[in-house]
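Subject: Handover of a structure and its findings

Dear colleague,

Please find the structure below, followed by an account of what was found in it. I would be grateful if you read the two side by side.

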Amino acid sequence: MYNTPQGVSVETEPESSSDVILPLEAQRSPIVEVKQLNAWYGSQQVLKDVSMKFARNHVTAIIGPSGCGKSTLVRCVNRLHELVPNATLTGSVMLEGVDIYGKQIDAVDVRRRIGMVFQKPNPFPNMSIRDNVVAGLKLAGVRDKKKLDVVAKNALQQAFLWDEVKDKLENSGASISGGQQQRLCIARALAVEPEVILMDEPCSALDPTATAKIEELVIKLSDTYTVIIVTHNMQQASRVADYTAFMYLGKLIEYDETAKMFETPREELTERYITGKFG
């Protein structure tokens, strides 16, 4: 038994996330599997024995109140957590059955295969729109201009941005609107051909129109990629996600098909969060 922020005692917390029933599709065809993941910032533990699988070519939303470990979880999934001073973890993250924290695994390659889109759009302001898209390829040594141009166009088309910027590709990446900048960052992630795309609150700084475009894009991307999106917006989770995971105090509480979780949650704590009784 433990307490919600309002002091309501709830007796539904699983002893570990291994007690949580996983969606059937995630069990059948996972591309990413997290096993007994624990994470700390210094002495503060922020993830507690999290185990879950992410279904291939589906959208999974991670919801929960601020500070519950959502962002830390996705940062562990592509090895960004280790870049934070004094950050540590135990457990494993498997990509296609291989532990990305293995001794022989290149962290840079992991971050190419598992791309990341952050809460605040972060285009490189001193680069053109075109160069923003292909920055990762250039860093990897690709210099063929024709190839770079083709990749830039394809990535911008995938990100639903090509028609809006095709006549200003040499303009600064910071010269376009916030929503366009976020789609530019998505195009940048797509250009290196990832297998998984992580999105950490990608719409929190955007207006409703820009948010709608990002949500449409997320749904379309799942035809080709596996998308994991962190969101505080439960309406957004219900619109874009095939599956939703609810986290609280560093633990995975419930994980199910989105419609099932929102209509008939198994855990009382999930129901309280979804109905706005805390969070």
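A residue is called buried if its relative accessible area is under 20%, exposed if it is over 50%, and partly exposed in between (1.4 Å probe, protein chains only). Helices (H or I, at least four residues) and strands (E, at least two) are DSSP runs, numbered from the N terminus. The model is a predicted one: local features need pLDDT of at least 70, side-chain atom pairs count only at pLDDT 80 or more, and totals for chains, interfaces and linings use all residues. Residues are numbered from 1 along each chain as its sequence is written, and side-chain values use heavy atoms, with hydrogens and water left out.

I begin with strand 11.

Which strands pair with strand 11? Two strands count as paired if DSSP finds at least two bridges between them. Strand 5 (residues 59-63) pairs with strand 11 in the parallel sense over 4 bridges, and Ile62 stands opposite Ala245. Strand 12 (residues 251-257) runs antiparallel to strand 11 and is joined to it by 6 bridges; here the bridge partner of Ala245 is Tyr255. Strands 11 and 12 form a hairpin with 2 residues between them, and Leu249 in the turn has a positive phi of about 50°.

Rings of Phe, Tyr and Trp (its six-membered ring) pair if their centres lie within 6.5 Å; planes under 30 degrees apart count as stacked, over 60 as edge-to-face and the rest as tilted. By this rule there is 1 aromatic pair. The ring centres of Phe246 and Tyr273 are 5.1 Å apart and the planes are at 25°, so the pair is stacked. Because Phe246 lies in strand 11 (residues 243-248) and Tyr273 in helix 12 (residues 268-274), the pair ties together parts that are 27 residues apart in sequence. Both Phe246 and Tyr273 are buried.

Elsewhere, an open sheet of 4 strands has the order 4-3-6-7, with antiparallel pairing. Its edge strands are strand 4 (44-55) and strand 7 (98-99), each of which pairs on one side only. Strand 6 (residues 87-95) is joined to strand 7 by 2 bridges, and Leu95 has Val98 in strand 7 as its bridge partner.

Is Tyr225 buried or exposed? Its relative accessibility is 7%, so Tyr225 counts as buried. Tyr225 is found in the loop between helix 9 (208-221) and strand 10 (226-230). Leaving aside residues up to four places away in sequence, Tyr225 touches several residues, including Asn57, His58 and Gln158; contact means heavy atoms within 4.5 Å.

Lastly, the chain as a whole. There are 12 helices and 12 strands in the chain, and buried residues make up 52% of its 279 residues. Among contacts between residues at least 6 apart in sequence, 69% join residues at least 24 apart. Along its principal axes the C-alpha trace spans about 60 × 45 × 35 Å.
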